[in-house]
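Have the structure open as you read.

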Amino acid sequence: MVIKNYLLERLSKNPQSTIFSYLDAEKVIDISMQDLMGRINALGTRLTQNKEHLPIFLLGENSVNWLLIHLTALCGAGVTAGLVKEYPASTQVPMIRNFEKGIVFYSEEYRAVALEMEKELPEFTFFCMDHPEFEVLLTEGNALINAGEHYYMDLMPQAEDLAAVQFTSGTTAGNKVVMLSQKNIAVNAKALGDRIELKSSDRSAAFLPMYHIYGCYVACYATMLAGGAVCILPNFKRLLRNLGLLKTNKIFIIPALVINILRELEQTGLTGSAATRKVFGFIPDDLLLGGAPLSAAVMHALVGFGLNPLEGYGATECTAVISANPAHAIKIGTVGRPLDGCEVKIAEDDEILVRGDTVMMGYRNDPEATDAVIYDGWFHTGDIGQLDSDGYLSIRGRKKNVIILSSGKKVFPEELEEKINRLESVEEVMVYQEGDHVIAEIYSTKSNDLVKQEVYRLNQSLSSFERIQDIRLRETPFERSSLQKIIRKRG
């Protein structure tokens, strides 16, 4: 099955089910499966009226039209890719030039960037996705359908077809472009929904950037394939209040936001679900965590506030999710069991290896880079981990980040960072190696003395080889990625 199969099946069984919800001046607007499929067919028919399937790029904040265009592409209009909206035109242009020509849809907010790009890309066509010109495309598509044009509607992508590309984090002209097949996307989204027990009555929050694989295929597609509703928010602003207005019960979230929410819960002075109700305004069924590992202490704290945190693990090259905790069989300290269709084993050096229907087709126009990570039948993740006797996976950190001391002892920076982040005086931290020393670079708004005292006390609880030997205080926060992960470089 491919994405279009699932959409058509849902359309036939429950055409009036809500597939998208969004806020318009605090009023909840619902879009039915029937309405959505009508718009997909109209847009797809217009875009393929010359039987041409051009690559389709998306530049803009989360919106109904963003997902509409993305789905239209996956249903047969052409290969699609979300563009990192924070990047300037000078970065976007080399990324798009991976293709000879195509279509770029942009939102009004990013019109200036799009116009700069258009000057450099005369072979590409540009449309504003939230402007009357977009509605004209739908009108023209419907006119073609009414005139008997059914080419797009009759298309059925094949499982092995290239469906989408994902630009790896920090992509520039020389970075990698991950190719995902129709099968990759459908298998992963369905397996994730089954694992975390998504239902047709669920309303999932989609506020993470949709150009990121977690914000798109995890937060949106898993819910759509389960028959539920995707509640679309453009960003993190007034997040908790808006989640309540949309009546979301499944919240896909990242660790940086979880830590902030946990601090708010602790500051209420309340315990259990009373604190959660005060902060959220409601009690969500599940928090679905991905993007980076969280410590067992944080997970236990969330459970103590009446929350149900389901931690998972993934990689862009594996179409988002590799493993996830089952909704009713959570094992704290792990990222759950591998999804159906995804096999995991641990190499002799403890690297996590993956194979199955969710592993990418390869890196576009880069067979050497592909061969460097997919060989002997397995994708090499670059992460260090272990599987327990119940098949649950746990992550220790990135292979390239591991600190190896002259004694031969190994220190995992991510594990130390999680412990240091729990200190009251610490806002952000990065742990790295210099010579035979373990360094902690810390951003804090508290006094330097307090930071040093807290790190000193933490050191007493660590093994001697793990202890922080030098604290470096910085005056500004670290640079972060689109999923709010600190970019690992010093200074």
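Let's start with a facing pair: E428 sits opposite Y443, a residue of β25. Keep in mind that this is a predicted model.

- The whole sheet is open and has three strands, ordered β24-β25-β26, with mixed pairing.
- At the edges you'll find β24 (428-434) and β26 (470-474), each pairing on one side only.
- Ignoring direction, neighbouring strands here are turned against each other by 25 degrees on average.

**Helices on the sheet**
- Helix α15 (residues 413-421) packs on the sheet and touches β24 and β25. Its direction makes about 145 degrees with that of β24.
- Helix α16 (residues 448-459) also packs on the sheet, this one touching β25 and β26. The direction of α16 makes about 145 degrees with that of β26.

**The α11/α12 pair**
- Packed helices in general are described by the angle and the distance between their axes.
- For helix α11 (residues 255-267) and helix α12 (residues 272-280), the axes come within 9 Å and cross at roughly 115 degrees.
- The crossing of α11 past α12 is right-handed.
- On the α11 side, I261, E264 and L265 make the contact; on the α12 side, they meet A275, T276, V279 and F280.
- By type, the residues of this α11 and α12 contact come out as five nonpolar, one polar and one charged.

Definitions and conventions:
Residues are numbered from 1 along each chain as its sequence is written. This is a predicted model: local features need pLDDT of at least 70, side-chain atom pairs count only at pLDDT 80 or more; totals for chains, interfaces and linings use all residues. Side-chain values use heavy atoms; hydrogens and water are left out. Axes are lines fitted to C-alpha atoms, for helices over the stretch in contact, and angles run from 0 to 180 degrees between N-to-C directions. Helices (H or I, at least four residues) and strands (E, at least two) are DSSP runs, numbered from the N terminus. A crossing is left-handed if the near helix is turned anticlockwise from the far one by less than a right angle, and right-handed if clockwise. Contact means heavy atoms within 4.5 Å. Ala, Val, Leu, Ile, Met, Phe, Trp, Tyr, Cys and Pro count as nonpolar, Asp, Glu, Lys and Arg as charged, and the others, Gly among them, as polar. Two strands pair if DSSP finds at least two bridges between them.
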